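Q: I'm new to protein structures and would like to learn how to read one. Could you take me through this one, feature by feature?

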Amino acid sequence: QVQLVESGGGLVQAGGSLRLVCVVSRRTFGRYTMGWFRQPPGKERDIVAAISWSDSTTSYADSVEGRFTMSSDNAKNTVYLQMNNLKPEDTAVYYCAAKLPGYDRYNYWGQGTQVTVSS
């Protein structure tokens, strides 16, 4: 079983920054795809960013492109989401997730961390 633990959420003013951290308890080295998702109040959960742990290739939702950066530290089994120029519409619960090779859906999820951006 793989456990994911997020941290780093909080309250920030518009234009500010936060860095989310996700520590993975166990990893099949280089084989997971890691993703950050978010779920605003009353809305569905959507993917924000993803990274391939094998080659660090990243992808981003259009709404965060140029403001958010996802990265990984293989030695620490940790992925990060650096969020800059935050907007009130970024307010959501943010989840870290891991997807095994060959699967269409993410297999493991963290408990979520709240990000609130005030105007």
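This is a predicted model: local features need pLDDT of at least 70, side-chain atom pairs count only at pLDDT 80 or more; totals for chains, interfaces and linings use all residues.

**Reading the structure step by step**

Q: Is Trp109 buried, partly exposed or exposed?

A: Trp109 has a relative accessibility of 31%, which lies between the 20% and 50% cut-offs, so Trp109 counts as partly exposed.

Q: How many aromatic pairs are there, and how are the rings of Tyr106 and Trp109 placed?

A: The count comes to three aromatic pairs. In the pair of Tyr106 and Trp109, the ring centres are 6.2 Å apart and the planes meet at 55°, so this pair is called tilted. Ring pairs also build a cluster, which links Phe37, Tyr106 and Trp109.

Q: Over which rings does the charged end of Arg45 sit?

A: One is the ring of Tyr95, with the charged end of Arg45 at 4.8 Å from the ring centre. Another is the ring of Trp109, where the distance to the centre is 3.9 Å.

Q: Which residues does Val79 touch?

A: Leaving out residues up to four places away in sequence, the contacts of Val79 include Leu20, Cys22, Met34, Trp36, Ile51, Met70 and Cys96.

Q: And how do I read a sheet?

A: Strands of a sheet pair through backbone hydrogen bonds, either parallel or antiparallel. In this model, an open sheet of four strands has the order 1-3-8-7, and the pairing is antiparallel. Its edge strands are strand 1 (4-7) and strand 7 (68-73), each of which pairs on one side only. From one strand to the next, the twist averages 15°.

Q: How many bridges join strand 7 to strand 8, and which residue stands opposite Ser71?

A: Six bridges join strand 7 to strand 8 (residues 78-83), and the two run antiparallel. Opposite Ser71 you will find Tyr80, in strand 8.

Key:
Residues are numbered from 1 along each chain as its sequence is written. Side-chain values use heavy atoms; hydrogens and water are left out. Two strands pair if DSSP finds at least two bridges between them. Axes are lines fitted to C-alpha atoms, for helices over the stretch in contact, and angles run from 0 to 180 degrees between N-to-C directions. Contact means heavy atoms within 4.5 Å. Rings of Phe, Tyr and Trp (its six-membered ring) pair if their centres lie within 6.5 Å; planes under 30 degrees apart count as stacked, over 60 as edge-to-face and the rest as tilted. Buried means under 20% relative accessible area, exposed over 50%, partly exposed in between (1.4 Å probe, protein chains only). A charge sits over a ring if NZ of Lys or CZ of Arg is within 6 Å of the ring centre and within 35 degrees of the ring normal.
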